[in-house]
Amino acid sequence: MFSEPLTIADLKKRAKWRVPKMFYDYADSGAWTESTYRANEADFAKIHLRQRVLVDMSNRSLASTMIGENVSMPVALAPTGLCGMQHADGEILAAQAAEEAGVPFTLSTMSVCSIEDVAEHTTKPFWFQLYVMKDRGFVESLIGRAKAAGCSALVLTLDLQILGQRHKDLVNGLSTPPKFTPKHVWQVGTRPFWALDMLQTKRRSFRNIVGHAPASSDLSSLAVWTAEQFDTRLSWTDVEWIRERWGGKLILKGVLDTEDAAMAAKTGADAIIVSNHGGRQLDGALSSISMLPKIVDEVGGEIEIHMDGGIRSGQDILKARALGARGTYIGRPYLYGLGAMGKKGVTRALEILRKELDVTMALCGKRDIEEIDRSIIAKVDF
Ligand SMILES: Cc1cc2nc3c(=O)[nH]c(=O)nc-3n(C[C@H](O)[C@H](O)[C@H](O)COP(=O)(O)O)c2cc1C
C-alpha cells in the first residue's frame with residue numbers, strides 16, 4: 001500500500017494512517033493559528049546553499065560532539081510528551097533506535113514509559129528533560145531518578161510555564177489513555193494495528209508521574225495536570241537551584257530571544273537550545289532558524305548553541321549547523337517514523353536525515369561536518 005519511505009513526509013503520511021487521530025493531531029499541531037509552527041519549516045526553505053564543483057568529496061564525516069558527547073551526526077531526539085501513544089512503548093523503541101544510530105535520545109517528563117523503563121531497555125545513557133512543578137519535592141525526586149538511571153544530561157525546558165492552546169487537542173478531547181466515548185472508540189477502532197500493539201503493553205499512562213507525584217484531579221489530561229502542577233513562577237534563580245541539585249551537564253531549552261540568551265549564558269549551563277517548542281507555545285513568535293544567527297552572534301562565544309523546530313530534512317540540519325548550531329533536535333520527524341513503523345520507523349527517519357545531510361554536505365563541497373560554517377550559505381540576489 002505504501003512504498004518504501006524516502007522522506008520524512010512519507011513517514012508522516014504513514015503515521016496518519018496508523019495512529020488514532022487524537023494522537024496524530026497532538027503531534028501535528030501548533031498553538032492557535034499555527035503560524036509559528038509553519039514558519040519553523042517555511043523559513044528553512046528560504047535559505048539557499050552554494051553549489052560547489054570539482055572539489056574532493058571522498059571520505060566524508062558527519063561525526064561531531066554535542067556537550068562533549070560523541071554523536072554520529074549533530075542530531076538528537078527532542079523530548080516529546082506522550083511519545084508512547086504514537087506507538088506502544090514508543091519511548092523505549094525511540095531510545096533504542098537512537099542508541100543504535102549513535103545519537104542522543106531525550107526522554108520527556110511527560111512520557112508514557114518512565115525513566116526506569118527506558119534505562120532498563122537501553123545500554124547507553126540518555127538525556128532527561130525536566131519540567132518544573134510547584135512541588136519541589138517531586139522535582140528533586142525526578143532529578144534523583146534521572147541520576148540513578150545514569151542520564152548524562154538534564155534538559156531543562158524554560159518555555160512551558162503555562163500550556164499554549166492547541167485547538168486540535170481540545171476538539172479531540174485528548175487524554176491518556178483514551179476515554180471510552182463513541183468518538184474515541186471509533187478513532188482507536190479504525191487504527192487496529194496501533195490498538196493491537198497497545199493491548200500488548202502495560203505502559204499506557206504517564207509513568208514518570210503516576211505513583212510518584214501527588215494525585216491531581218485528572219492526570220489523564222495533559223492540559224489539566226499542567227495547569228495545576230507546573231510552576232508559573234519559574235525564574236532564573238530556580239535554574240541555579242536545579243543546576244546545584246543535578247550537578248551534571250545541563251541544557252536550557254526554549255530560548256528564542258537575545259536578552260534571554262544572555263541571561264542563560266550566565267547560568268553556567270553547558271548549552272542552550274534555540275527553540276519555540278515546535279510552534280506549540282507562543283503563536284506569532286519568530287521561527288527558531290531565523291533567531292539562531294542572532295543568538296549565535298550574541299552568546300556563541302560563551303555557551304554551546306543548539307536549535308530545534310522545523311527540521312524536516314538533512315538539508316535543514318546542515319543549514320542550522322552553518323548558522324552556528326553545534327547540535328540540532330528533531331521532534332515530529334521521529335514521532336512520524338515511530339507512529340508509522342515503530343522502532344524501524346525511527347531508524348528510517350534517522351537514515352533519511354543522515355543521507356540527505358551527507359549528500360548535501362558533499363554537493364556544497366565539504367567533507368567534514370566540522371568544516372561547515374556560514375560560507376556554504378548562498379546570498380540570494382536577483
Ligand atoms: C508531540 C510533541 C510533544 C512535545 N513534548 C515536549 C515535552 O514534553 N517537553 C519539551 O521540552 N518539549 C516538547 N516538545 C517540543 C520538542 O521537544 C521540540 O522542541 C519540537 O518538537 C521541535 O520541533 P519539530 O517537531 O519541528 O522538530 C514536544 C513537541 C511535540 C511535537
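Modeller: Two residues are in contact if their C-beta atoms, placed from the backbone, lie within 7 Å. Please keep in mind that the model is predicted.

Colleague: Which residues of α14 meet α15?

Modeller: The α15 side of this contact consists of Leu353, Arg354, Lys355, Glu356, Leu357, Thr360 and Met361. By class, the contact of α14 with α15 has five nonpolar, three polar and three charged residues. The residues of α14 that take part are Gly314, Gln315, Ile317 and Leu318.

Colleague: How are α14 and α15 oriented to each other?

Modeller: The axes of α14 (residues 314–322) and α15 come within 7 Å and cross at roughly 60°. The crossing is right-handed. An angle of 65 to 115 degrees would count as roughly perpendicular, and one under 35 as roughly parallel. The two helices are therefore oblique.

Colleague: Are α4 and α15 roughly parallel or roughly antiparallel?

Modeller: Helix α4 (residues 90–101) packs against α15 (residues 332–363) at an angle of about 15°, and their axes are 8 Å apart. Angles under 35 degrees count as roughly parallel. The angle therefore makes α4 and α15 roughly parallel.

Colleague: Is the crossing of α4 and α15 left-handed or right-handed?

Modeller: On the α4 side, the contact includes Gly90, Leu93 and Ala94, while Tyr334, Leu338 and Gly342 are among the residues on the α15 side. The residues of this contact comprise eight nonpolar, four polar and two charged. As for its hand, the crossing of α4 and α15 is left-handed.

Colleague: Are α1 and α15 roughly parallel or roughly antiparallel?

Modeller: The axes of α1 (residues 8–18) and α15 cross at roughly 165° and come within 10 Å. Angles over 145 degrees count as roughly antiparallel. The two helices are therefore roughly antiparallel.

Colleague: How many charged residues does the contact of α1 with α15 have?

Modeller: Here α1 passes α15 in a right-handed crossing. From α1 come Ile8, Leu11, Lys12, Arg14, Ala15 and Arg18, and the α15 residues include Pro333, Tyr336 and Arg348. Beside nine nonpolar and three polar residues, the number of charged residues is four.

Colleague: Which are the edge strands of the open sheet?

Modeller: Eight strands form the sheet in the order β4-β11-β10-β9-β8-β7-β6-β5, with parallel pairing. An edge strand pairs on one side only, and this applies to β4 (75–77) and β5 (106–107).

Colleague: Which residue in β11 stands opposite Met307?

Modeller: Strands β10 (residues 304–308) and β11 (residues 327–330) run parallel and are joined by three bridges. Helix α13 (residues 288–299) packs on the sheet, where it touches β8, β9 and β10. The residue opposite Met307 is Thr328.

Colleague: Which elements give two or more residues to the shell around the ligand?

Modeller: The ligand is surrounded by 24 residues, of which the closest are Ala78, Gly81, Ser108, Gly278 and Gly331. The shell divides into eight nonpolar, twelve polar and four charged residues. The elements that give two or more residues are α2 (21–27) and α15.

Colleague: Where is Pro177 found?

Modeller: Most peptide bonds are trans. The bond from Thr176 to Pro177, however, is cis, with omega near -10°. Pro177 is found in the loop between α7 (167–172) and α8 (182–189).

Colleague: Where does Ile67 lie?

Modeller: Most residues other than glycine have a negative phi. Ile67 is not glycine, yet its phi is positive, near 40°. Ile67 lies in the loop between β2 (64–66) and β3 (69–71).

Technical notes. Residues are numbered from 1 along each chain as its sequence is written. This is a predicted model: local features need pLDDT of at least 70, side-chain atom pairs count only at pLDDT 80 or more; totals for chains, interfaces and linings use all residues. Axes are lines fitted to C-alpha atoms, for helices over the stretch in contact, and angles run from 0 to 180 degrees between N-to-C directions. Helices (H or I, at least four residues) and strands (E, at least two) are DSSP runs, numbered from the N terminus. A crossing is left-handed if the near helix is turned anticlockwise from the far one by less than a right angle, and right-handed if clockwise. Ala, Val, Leu, Ile, Met, Phe, Trp, Tyr, Cys and Pro count as nonpolar, Asp, Glu, Lys and Arg as charged, and the others, Gly among them, as polar. A residue is near a molecule or strand if its C-beta atom, placed from the backbone, lies within 6 Å of it. Two strands pair if DSSP finds at least two bridges between them.
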